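Morning, everyone. Please have a look at the screen.

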Amino acid sequence: MSHPKGNETHKRTGIEVAAHAGFCMGVRRAVEAAMAVADADVSSCTLGELIHNPQVVRMLADRGVPPVSSAQEAAGRQVLIRSHGVSPEVIAELKDAGCQVLDLTCPFVDKLHRIVREESSPECPVILVGEKEHPEVIGTAGWACGEVFVVATPDEALALPPMKDAVVAAQTTYPPSRWEEVVTALKTRVTNLREHCTICNATEVRQKEAAELASRADAMIVVGGRNSANTQKLFATCKKHCERSILVECAAELPPAFANIYSEFIGITAGASTPAAALEEVVLSMTDIENQVQATDSVDFNMDAIAASMVRIRPGQTVTGTVVQITADEVFVNFGYKSEGVIKRSELTQGEVQENDEIEAEVVKVNDGEGNVVLSQRNIVNKKAWEALMAKYDAGEYVDGVGKEAVKGGLIADVEGVRAFVPASHLSPRYVEKIGDFVGKEMKLKIIEVDTQKKRIVASRKAVMTEEAAAKKKEAWENLEEGVVIHGVVRRLTDFGAFVDVGGVDGLIHITDLSWGRIKHPSEVVKPNQEIDVKIKSLDREKERIALDYKSLQPRPWDNAAEKYPEGSIVEGKVVRITDFGAFVELQVGLDGLVHISQCALNHVAKVEDAVKVGETVRVKVLKVDTEAKRISLSIKQVMEDEAFGDDAAEPEMELAAEEVTAEEVAAEEVTTEE
């Protein structure tokens with residue numbers, strides 16, 4: 001609880017450290033990369049001081065990464081571009097000097113560069129709001145495609161020449177409170193002004209915290225490099241709200257008896273380029289724990305007290321916090337801990353987030369080596385997904401998966417958010433030639449192996465297909481009964497018959513049960529994938545064999561022969577067999593008629609073959625239909641006479657023609673028609 005400075009009755013004493021004191025994201029990123037380079041066996045240097053903090057610069061130089069001032073001085077070495085960024089010309093100079101460039105430009109500065117590059121032109125100048133000699137401003141100006149103006153105050157803005165078009169952007173560490181004043185002044189000089197407030201929100205948060213803390217404190221200590229514009233602005237803010245404000249680079253610069261933590265309330269903050277070690281050193285020096293173990297109960301601050309007041313966290317713990325900063329690759333979250341949590345974009349699961357959004361995440365690491373707390377949203381989702389999968393695994397339930405990548409020996413699949421491996425032998429009951437065909441394919445899987453420690457699963461598509469086929473087969477057999485007519489689908493044809501799927505199991509229609517007539521192949525009657533009704537002739541459950549009948553459900557050819565082929569009608573047919581006494585003509589499958597040799601031509605022929613040939617299509621006249629005896633007498637001769645003489649054609653002597661057929665011939669005809 002805060003109280004007025006002059007309230008002696010309830011006056012607060014001790015120390016309070018600003019929540020956002022110390023390294024900002026861009027500086028921390030640059031320092032981490034520089035430390036990694038220092039550990040590598042590569043000749044390296046930084047172009048200018050990496051950050052405006054002499055302790056850090058000195059430490060890097062001692063570890064083999066010194067600052068240089070030009071491309072010529074850096075020639076042949078790996079060069080680290082500091083977080084302030086540089087112009088494209090500087091990058092080109094370094095490469096011409098044979099340098100390998102490691103760009104550590106702050107993401108917020110990089111965004112500023114993109115805006116200047118994309119929106120400026122010879123007709124549209126750039127106005128940068130910031131300090132003309134600051135490295136960030138100098139580097140940013142080099143990205144402009146036209147004229148560049150730099151202003152730091154409203155008065156400087158008012159001094160600019162009138163312009164029709166211009167784009168305005170800010171140095172990322174420019175005081176947010178002064179931005180609007182400068183923009184207002186610029187609008188009086190520029191007709192069409194495109195505004196881009198590129199101030200890093202971490203700067204604004206740090207400034208607001210410093211102002212609020214200084215307004216409550218008896219004394220303020222700002223820790224940071226004197227060459228840091230960010231730190232100088234922070235100091236100015238504190239000085240405005242608390243006259244007893246000082247700026248120190250390290251604990252050794254603290255004036256003796258500057259303040260008494262037992263009788264005064266002291267605020268401490270740090271610039272964006274101040275390492276955590278420097279800040280902690282100042283705090284420890286102020287508390288002087290070793291020399292003041294006899295502290296009175298009135299003192300409400302020491303390092304243990306700070307630790308006790310902080311949120312306690314551990315890996316795997318779920319925390320809730322507020323988004324305070326967003327970059328292209330990371331999201332920073334304040335959840336009440338001594339340092340902010342960092343979530344990689346790849347570890348976000350709720351899509352786009354905005355500043356001030358409240359989000360839930362899991363602690364991955366309490367300290368990544370640089371004092372950062374690593375968070376992940378994906379871990380929470382993965383944990384819930386894993387628990388759900390294990391419940392299905394224990395219950396023997398199937399899971400839904402999508403093929404993601406073909407690898408050696410199988411397929412990687414996403415199973416409800418969890419990575420799973422499907423061996424090639426478990427993709428299908430049959431051999432799979434191209435595993436890549438399953439990439440992007442949705443499938444049902446059964447978990448067959450689990451590694452709970454590594455959170456890995458092995459799944460099988462074949463097991464699902466096999467079990468489903470077995471269940472379907474069992475159900476199908478339960479519904480089958482001899483003599484019942486059932487609907488099915490023709491699956492495949494062989495020389496001896498057709499296999500039909502009747503609800504999950506296959507039955508066979510023998511070729512003799514397909515048609516009432518003679519056929520050489522089942523394809524003459526049915527086709528693959530054709531839906532048909534069949535009758536179950538017999539079932540052998542032990543051998544799992546089903547005999548089916550198709551022709552019994554089709555009309556018998558002789559049942560309506562008299563109506564379909566009335567005596568005296570002329571029809572077409574195909575010669576299917578020739579005998580000494582005549583030719584058998586097929587009128588339809590299963591229905592043949594006899595053309596006696598005497599009726600094969602207008603003139604007498606010695607051989608039937610002299611008049612017709614097997615396979616030939618002929619026009620015949622129906623002379624007589626005997627459905628009981630299953631005989632049809634036909635005539636080619638009568639058709640020819642009708643066509644030649646028309647109405648004058650003589651009536652056929654039916655009885656005479658019939659008498660000419662001998663008993664032997666009749667027997668042969670009966671055998672043929674029965675076949």
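First, a term. Buried means under 20% relative accessible area, exposed means over 50%, and partly exposed is in between, with a 1.4 Å probe and protein chains only. Now the ground rules. This is a predicted model, where local features need pLDDT of at least 70, side-chain atom pairs count only at pLDDT 80 or more, and totals for chains, interfaces and linings use all residues. Residues are numbered from 1 along each chain as its sequence is written, and side-chain values use heavy atoms, with hydrogens and water left out.

On to salt bridges. By that I mean a side-chain nitrogen of Lys or Arg within 4 Å of a carboxyl oxygen of Asp or Glu. How many salt bridges does the structure hold? The count is 23. I'll go through some of them.

Start with glutamate 131 and lysine 233. Their closest N and O atoms are 2.9 Å apart. Glutamate 131 sits in the loop between strand S6 (126-129) and helix H6 (135-141), and lysine 233 sits in helix H10 (residues 229-241), so this pair ties together parts 102 residues apart in sequence. Helices (H or I, at least four residues) and strands (E, at least two) are DSSP runs, numbered from the N terminus. Are the two partners buried or exposed? Glutamate 131 is partly exposed, at 35% relative accessibility. Lysine 233 is buried, at 11%.

Next, arginine 226 and glutamate 253. Here the closest N and O atoms are 2.8 Å apart. Arginine 226 is in the loop between strand S10 (219-223) and H10, glutamate 253 in the loop between strand S11 (245-248) and strand S12 (265-270), so the pair ties together parts 27 residues apart in sequence. Arginine 226 is partly exposed at 38%. Glutamate 253 is partly exposed too, at 30%.

Then glutamate 643 and arginine 619. Their closest N and O atoms are 2.3 Å apart. Glutamate 643 belongs to helix H16 (residues 637-645) and arginine 619 to strand S31 (residues 617-626), so parts 24 residues apart in sequence are tied together. Glutamate 643 is exposed, at 55%. Arginine 619 is partly exposed, at 38%. There is also a network: Glu16, Glu212 and Arg216 are joined by salt bridges that share partners.

Last, the cysteines. A disulfide is counted when a pair of cysteine sulfur atoms lies within 2.5 Å. The structure holds 0 disulfides. Take cysteine 238: its nearest cysteine sulfur, that of cysteine 242, is 7.9 Å away. Cysteine 238 is buried, at 0%. Cysteine 106 is buried as well, at 10%.
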